Amino acid sequence: MESSNQTVSVTEFILLGLSAHPKLEKMFFVLILLMYLVILLGNGVLILVTVSVSHLHTPMYFFLGNLSFLDICYTTSSVPLILDSFLTPRKTIPFSACAVQMFLSFAMGATECVLLGMMAFDRYVAICSPLRYPVVMSKAAYVPMAASSWAAGSAASMVQTSLAMKLPFCGNNIINHFTCEILAILKLACADISINVISMGVTNVIFLGVPVLFIFVSYIFILTTILRIPSAEGRKKAFSTCSAHLAVVVIFYGTILFMYGKPKSKDPLGADKQDVSDKLTSLFYGVVTPMLNPIIYSLRNKDVKAAVRNLVAQKCFTQ
């Protein structure tokens, strides 16, 4: 006779999303769809500009093109699933598809952390050592720097996804989230997850702590150098070359710190409200930030605005 407490292998997961708030689902479906279209359009235009305009073939714009492509990949790995969950009362996702989605989202997030650090180094060399900039940031240097960002993010994601998917799941397959977010998955495991927690902690230090520290130190040197420039016009011009990157860094890391650094409510009656708040904050991080990146860079960069205008003018002229 088989044991009554025999574990049941999970073959699919159920995504709760905002199923308990159907009115919010309809509103957020339209909102997220519009934001996603803006992400595709804005980042697509930036990629087109950085590739097709010859005088933008510099390290800064090469990294910017990578960032735009990264934002498209990151949102595409999750937004279609989120939109589908708004339309489907009971959204299920196969185990394998959940693993793929988790891998892609984690890889893109980790890659962006490293890439923002690389962009900070580029701005540091440009401001603090302008005469050495062509040598230090040559094509033989900045292409491997970008490639290593992608490789590091993918490797970290492969490790975390493999560790998470190897855990046993004994029947509880309801993910209280929009997507297969790794922390939500770990809560469902019916085994010791201490290895996963330690591994995640080490990964967070490497991909969050180290880049933040590196960016912080880089901007200390950048600001120190800018303040030494005698003319106000020179200081303004120097700061304008890195202000867009600084704004993106503040939004990106500020949202992460808000998501994971705020205290959890101990009031059971407020648990549902906080749960919805956490989900919406995660939605902001996953959609609004990639949407703002091309807007920030296009508004703060005269070269990008001029290149976009020229492309539009050429397109209209040819038609």
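Residues 28-49 are 100% helix and 0% strand, with 31 Å between the end C-alpha atoms. Keep in mind that this is a predicted model. Overall, the protein has eleven helices and three strands, and its elements run β-α-α-α-β-α-α-α-β-α-α-α-α-α from the N terminus on.

**Annotated segments**
- The unreviewed UniProt entry puts "transmembrane region" on several stretches, including 28-49, 61-83 and 141-159.
- Residues 141-159 also come out as 100% helix and 0% strand, and here the end C-alpha atoms sit 27 Å apart.

**Packing and surface**
- Of the 319 residues in the protein, 44% are buried.
- Take contacts between residues at least 6 apart in sequence, and 79% of them join residues at least 24 apart.
- The protein exposes about 16800 Å², with carbon and sulfur atoms supplying 70% of that area.

**Aromatic pairs**
- Searching the whole structure turns up eleven aromatic pairs.
- One of them is F62 with Y142, a tilted pair at 5.1 Å centre to centre and 55° between the planes.
- That pair links distant parts of the chain, with F62 in helix 2 (residues 59-76) and Y142 in helix 6 (residues 139-165), 80 residues apart.
- F62 is partly exposed at 29% relative accessible area, whereas Y142 is buried at 9%.
- F95 and F169 make an edge-to-face pair, 6.0 Å centre to centre with 65° between the planes.
- F95 lies in helix 4 (residues 95-128) and F169 in the loop between helix 6 and strand 3 (174-175), so this pair ties together parts 74 residues apart in sequence.
- F95 counts as partly exposed at 23% relative accessibility, while F169 is buried at 6%.
- F121, Y124, F214 and F221 gather into one aromatic cluster.

Note on methods
Residues are numbered from 1 along each chain as its sequence is written. This is a predicted model: local features need pLDDT of at least 70, side-chain atom pairs count only at pLDDT 80 or more; totals for chains, interfaces and linings use all residues. Side-chain values use heavy atoms; hydrogens and water are left out. Helices (H or I, at least four residues) and strands (E, at least two) are DSSP runs, numbered from the N terminus. Buried means under 20% relative accessible area, exposed over 50%, partly exposed in between (1.4 Å probe, protein chains only). Contact means heavy atoms within 4.5 Å. Accessible areas come from the Shrake-Rupley method with a 1.4 Å probe; for residues, only the protein chains shown count as cover. UniProt positions are given in the numbering used here, feature names are shortened, and annotations may be inferred rather than shown by experiment. Rings of Phe, Tyr and Trp (its six-membered ring) pair if their centres lie within 6.5 Å; planes under 30 degrees apart count as stacked, over 60 as edge-to-face and the rest as tilted.
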